[in-house]
Every structure is written in structure tokens, then in C-alpha cells.
Amino acid sequence: MNIDSRFLINLVAFQIGWFACVWGGANQAPALGAIAVAVIVAIHLTYTARRPGPELTLILVAAAIGIVWDSALVAFGWLSYPSGTVVAGTAPYWIVAMWMSFATTLNVSLGWLKKRYLLAAVFGGLGGPMAYYAGFKLGGVQFSSITLGLAAQAAGWAIMMPLLTILAERLNGMRPTALMLAAEEQG
């Protein structure tokens with residue numbers, strides 16, 4: 001698979017996962033998004049990643065960040081979700097799945113943000129709230145105050161996106177190891 005097709009497939013897969021999560025969450029079918037993301041992550045780790053171990057670690061770390069971030073916003077009462085919450089006052093499992101799907105983009109379709117921390121902050125500060133606003137319009141999330149909720153998302157994502165790109169640099173399962181490159185040269 002060449003780089004261009006991998007980029008496009010990754011981007012489309014994330015959009016499918018995002019929509020499945022939001023639509024499922026909004027329509028009392030939160031498992032739909034979780035199942036879609038499980039398939040996306042499995043395909044990513046099996047067919048896209050050259051080294052699945054680091055990619056899986058990145059996905060799990062992003063899920064942990066997502067649990068903490070979205071649960072904090074729920075605990076503050078700034079946003080709520082219509083379905084999929086297992087423990088009251090925390091983020092629903094489908095939003096955590098969405099974070100996992102998002103992590104699959106960090107070394108592929110969003111890989112261009114690595115080492116561009118200011119650009120990553122701007123991208124996160126704009127893109128994060130836009131995604132949550134789209135989720136709001138589709139009924140997947142509610143805000144107690146849309147202004148406060150989107151401002152919190154902007155600030156949080158402006159910090160998290162550069163952090164996620166740093167993690168992606170360190171946990172890059174897309175990049176071949178020196179041993180893999182040597183083997184390719186000999187083969």
C-alpha cells in the first residue's frame with residue numbers, strides 16, 4: 001500500500017468511525033460506534049502499521065487521555081452525552097472509542113503535524129471544538145453552555161494536540177526500524 005492510499009484510507013476510516021460513534025451515541029446505539037472503531041483499529045494494526053506494538057500503545061494512551069478529558073468536562077457539568085455512559089459522571093465508552101480511532105490518524109493522515117507544535121495547537125484549538133459542535137448538531141453531545149463548552153474544548157485541544165503529536169513521534173508504528181530497513185536493503 002503506497003503512502004497516498006494509506007493517507008486517504010486512514011482519513012476516510014476515521015470519518016466513518018467518527019460518524020458511527022456520534023450517530024450511535026445520539027440514537028441510543030452506542031455499541032455501533034465502538035464496533036466500527038474496533039474494526040478500524042484492527043485493520044490499522046494488522047494492515048497499516050509496520051510495528052503494531054507502538055501503534056497500539058499510542059491508541060491506548062490516547063484513550064486514557066480521552067477518558068480523563070471528556071470525563072472532566074462531564075464532571076464539571078459542561079457537557080453530557082445521551083447514551084453509552086457506564087459510570088455516572090464519566091465519558092461514555094463510544095467517545096473513548098472515538099479517541100482510539102483518532103489516534104490511528106496521528107502517524108498517518110495527521111502525521112504532517114508532527115514537530116509543528118504551534119500548528120498542532122492551532123489545528124487542535126480549532127478542530128477539536130468544530131468536531132464537538134458537529135457532534136452537538138447531530139445530537140451526540142449536549143452542552144450546558146455552548147460558549148463555555150466550546151471554549152473549554154478549544155483550550156484543551158490546543159494543549160492536547162501538540163502533546164498527542166509528541167506521543168505519536170515517540171510511539172510511531174508506521175516508521176520502519178533500522179533493522180527493518182536493513183532487511184529490506186538485503187532482500
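**A chat about the model**

Analyst: A place to start is K115, which is found in the loop between α4 and α5, where helices (H or I, at least four residues) and strands (E, at least two) are DSSP runs, numbered from the N terminus. This is a predicted model, in which local features need pLDDT of at least 70 and side-chain atom pairs count only at pLDDT 80 or more, while totals for chains, interfaces and linings use all residues. Residues are numbered from 1 along each chain as its sequence is written, and side-chain values use heavy atoms, with hydrogens and water left out.

User: OK, and is K115 buried or exposed?
Analyst: K115 counts as exposed, at 63% relative accessibility; buried means under 20% relative accessible area, exposed over 50%, and partly exposed in between, with a 1.4 Å probe and protein chains only. K115 also has a positive phi of about 65°, although it is not a glycine.

User: Which other residue has a positive phi although it is not a glycine?
Analyst: Q28 does, with a phi of about 55°. Q28 is found in the loop between α1 and α2, and at 55% relative accessibility Q28 counts as exposed.

User: Switching to charges, how many salt bridges does a search of the whole structure find?
Analyst: The search finds one, a salt bridge being a side-chain nitrogen of Lys or Arg within 4 Å of a carboxyl oxygen of Asp or Glu. E169 forms a salt bridge with K115, and the closest N and O atoms are 3.8 Å apart. This pair links distant parts of the chain, since E169 is in helix α6 and K115 in the loop between α4 and α5, 54 residues apart.

User: And E169, buried or exposed?
Analyst: E169 is buried, with a relative accessible area of 16%, whereas K115 counts as exposed.

User: Tell me about α6, then. Why does its end-to-end distance agree with what a helix should span?
Analyst: Helix α6 has 25 residues (residues 146-170) and, at 1.5 Å a residue, should span 36 Å, and its end C-alpha atoms are 35 Å apart, which agrees; the expected span is 1.5 Å times one less than the number of residues. There is also a bend in α6 of about 25° at W157, where the bend is the angle between axes fitted to the seven residues ending at a residue and the seven starting there.

User: What comes up at L171?
Analyst: L171 is in the loop between α6 and α7 (178-186). Leaving aside neighbours within four places in sequence, L171 is in contact with P54, E55, T57, L58 and N107, contact meaning heavy atoms within 4.5 Å.

User: Who does L164 touch?
Analyst: Apart from neighbours within four places in sequence, L164 is in contact with A62, I65, W99, F102, L106 and W157.

User: And G66, where does that sit?
Analyst: G66 is in helix α3 and, at 0% relative accessibility, counts as buried. Beyond neighbours within four places in sequence, G66 is in contact with S71 and W99.

User: Last topic, the aromatics: how many pairs does the structure hold?
Analyst: The structure holds eight aromatic pairs; rings of Phe, Tyr and Trp (its six-membered ring) pair if their centres lie within 6.5 Å, and planes under 30 degrees apart count as stacked, over 60 as edge-to-face and the rest as tilted. F14 and F102 form an edge-to-face pair, 5.8 Å centre to centre and with 65° between the planes. F14 lies in helix α1 and F102 in helix α4, so this pair ties together parts that are 88 residues apart in sequence. Both F14 and F102 are buried, and F14, W99, F102 and W157 form one aromatic cluster.
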